[in-house]
Amino acid sequence: MQKLIIEEDCMRLVEFFKLLGDYTRLRIILELKTKRCVGELAEKLDMSHSAVSHQLNILKANGIVKSQRQGKYIYYIVQDEYIQNAIERCKTLFDKKYCS
């Protein structure tokens, strides 16, 4: 039973890191410390609205970001602050040990 739980945890982590392994999605997540609409993200990341929207839909479908309509705009933010914290901790780890 314990082995199955470990395998399930590993598979969930693999899927999570696959989502973060995409350069565009990671950049979007890093910008979503505060609520932003597609247009703001597209301008900040120098990308098309459709490219940003596509990646946001993937992140939303996987529970990484959530959206909220305000008037005619839809704003996005990271679903859980722990996601941002995990990314920051990984960055610190690689800054210290793995990147020269």
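Helix axes are lines fitted to C-alpha atoms over the stretch in contact, and the angles between their N-to-C directions run from 0 to 180 degrees. The legends below concern a predicted model.

**Figure 1. Overall fold of the predicted chain.** The chain contains 5 helices and 3 strands. Read from the N terminus, these elements follow the order α-α-β-α-α-β-β-α. Along the principal axes, the C-alpha atoms occupy a box of roughly 50 × 40 × 20 Å. Of the 100 residues in the chain, 26% are buried. Among contacts with a separation of 6 or more, 53% join residues 24 or more positions apart.

**Figure 2. Crossing of helices α3 and α4.** Helix α3 spans residues 38-45 and helix α4 spans residues 49-61. Their axes come within 9 Å and cross at roughly 115 degrees. Angles of 65 to 115 degrees count as roughly perpendicular, and α3 and α4 are therefore roughly perpendicular to each other. The crossing of α3 past α4 is right-handed.

**Figure 3. Residues at the contact of α3 with α4.** Helix α3 contributes V38, G39, L41 and A42, while helix α4 contributes H49, V52, S53 and L56. Sorted by class, this contact comprises 5 nonpolar and 3 polar residues, with no charged residues.

Figure 4. When neighbours within four places in sequence are set aside, Q55 is in contact with D22, T24, R25 and I28.

**Figure 5. Cysteines C10 and C37.** The structure holds 0 disulfides. C10 takes part in no disulfide, and the nearest cysteine sulfur, belonging to C90, is 15 Å away. A disulfide requires a pair of cysteine sulfur atoms within 2.5 Å. The relative accessible area of C10 is 41%, a value between the limits of 20% for buried and 50% for exposed, and C10 is therefore partly exposed. C37 has a relative accessible area of 10%, and this residue is therefore buried.

Methods:
Residues numbered from 1 in each chain as written. Predicted model: local features only at pLDDT ≥ 70, side-chain atom pairs only at ≥ 80, totals over all residues. Heavy atoms only, no water. Helix = DSSP H or I, 4+ residues; strand = E, 2+ residues; numbered from the N terminus. Parallel < 35°, antiparallel > 145°, perpendicular 65-115°, else oblique. Left-handed = near helix turned anticlockwise from the far one by under 90°. Contact = heavy atoms within 4.5 Å. Nonpolar A, V, L, I, M, F, W, Y, C, P; charged D, E, K, R; others polar. Buried < 20%, exposed > 50% of the residue type's maximum accessible area, 1.4 Å probe, protein only.
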